[in-house]
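Trainee: I have a new structure to read. Where do I start?
Mentor: Take one feature at a time, general idea before the case.

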Amino acid sequence: MTAFARRARASAGRLHPELSLVSYTLLGHLEERDGCRATDLAAHYALDKSTVSRQVAALERAGLIERRQDPEDHRVQVLHLTAAGRRILGRVTVSRRAAVGERLAEWSQEDLERFAEYLVRYNAWPGPPDDGG
């Protein structure tokens, strides 16, 4: 697990050196949800609000996300990816898929199926509260 985490952090750093793996994860969540509030990010990932605030500030400075007023509640700011954020995230996705494909290229179909089952089982472990999506 440690080696996996190190590889993921190193890969993220090569794609956009100023951003952490956590930042990429947040970008992915924003894309998946088509935007959300910073408090939603904190709740989903069970992170302290100040941690999310620092990450959000870095993503804004990098021009990868922007704040928009919630059309239903003008007091609320919703975070959205910018065009640059979508491009960076797209490059990360392509790169990660290629790297995983390369590492698994020699695995048998049986091994791939077993691995997929184990990942589903591992990810089913109780984690942060489900936010409905």
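Mentor: Start with polar contacts. A polar contact is a pair of N or O atoms within 3.5 Å; within protein, one must be able to donate a hydrogen and the other to accept it. Keep in mind that this is a predicted model.

Trainee: Which side chain does serine 23 join in a polar contact?

Mentor: The partner is glutamine 55, and the contact is 2.5 Å. Serine 23 sits in helix H2, residues 21-33.

Trainee: Is serine 23 buried or exposed?

Mentor: Buried means under 20% relative accessible area. Serine 23 has a relative accessible area of 1%, so it is buried. Setting aside neighbours within four places in sequence, serine 23 touches Gln55 and Leu59.

Trainee: Let me step back. How many helices and strands does the protein chain have?

Mentor: There are six helices and two strands. Along the sequence the pattern reads α-α-α-α-β-β-α-α.

Trainee: What share of the residues counts as buried?

Mentor: Of the 133 residues, 25% count as buried. The accessible surface of the chain is about 9,400 Å². Carbon and sulfur atoms account for 53% of that surface.

Trainee: What is leucine 41 in contact with, beyond its neighbours within four places in sequence?

Mentor: Its contacts are Leu26, His29, Leu30, Cys36, Val52, Val56 and Leu79.

Trainee: Now contacts across the sequence. What share joins residues at least 24 apart?

Mentor: Count the contacts between residues at least 6 apart in sequence; 47% of them join residues at least 24 apart. For a pair that is apart in sequence, look at isoleucine 88 and leucine 27. They are 61 residues apart along the chain, and their C-alpha atoms are separated by 9.2 Å. Isoleucine 88 lies in helix H5, residues 83-104. At 7% relative accessibility, isoleucine 88 counts as buried.

Trainee: How far apart are threonine 39 and serine 50?

Mentor: They are eleven residues apart in sequence and 9.9 Å apart in space, C-alpha to C-alpha. Threonine 39 is part of helix H3. Its relative accessibility is 36%, so threonine 39 counts as partly exposed.

Trainee: Next, charges. How many salt bridges are there?

Mentor: A salt bridge pairs a side-chain nitrogen of Lys or Arg with a carboxyl oxygen of Asp or Glu, within 4 Å. The count here is seven. One of them joins arginine 86 and aspartate 34, with the closest N and O atoms 4.0 Å apart. That pair links distant parts of the chain, 52 residues apart. Arginine 86 is in helix H5, and aspartate 34 is in the loop between H2 and helix H3 (38-45). Arginine 86 is partly exposed, at 39%.

Trainee: What does arginine 67 pair with?

Mentor: Arginine 67 forms a salt bridge with glutamate 60, with the closest N and O atoms 2.8 Å apart. Arginine 67 is partly exposed at 42%, and glutamate 60 is partly exposed at 29%.

Trainee: Why are glutamate 110 and arginine 114 separated by about one helical turn?

Mentor: Because they are four residues apart in helix H6, residues 109-123. Glutamate 110 is exposed at 52%, whereas arginine 114 is partly exposed at 32%. A network of salt bridges links Glu110, Asp111 and Arg114.

Trainee: Last, rings. How many aromatic pairs does the structure hold?

Mentor: The structure holds one. The rings belong to tryptophan 107 and phenylalanine 115, with centres 5.1 Å apart. Planes over 60 degrees apart count as edge-to-face. These planes meet at 70°, so the pair is edge-to-face. Tryptophan 107 is partly exposed at 36%, and phenylalanine 115 is partly exposed at 33%.

Terms used
Residues are numbered from 1 along each chain as its sequence is written. This is a predicted model: local features need pLDDT of at least 70, side-chain atom pairs count only at pLDDT 80 or more; totals for chains, interfaces and linings use all residues. Side-chain values use heavy atoms; hydrogens and water are left out. Buried means under 20% relative accessible area, exposed over 50%, partly exposed in between (1.4 Å probe, protein chains only). Rings of Phe, Tyr and Trp (its six-membered ring) pair if their centres lie within 6.5 Å; planes under 30 degrees apart count as stacked, over 60 as edge-to-face and the rest as tilted. Contact means heavy atoms within 4.5 Å. Accessible areas come from the Shrake-Rupley method with a 1.4 Å probe; for residues, only the protein chains shown count as cover.
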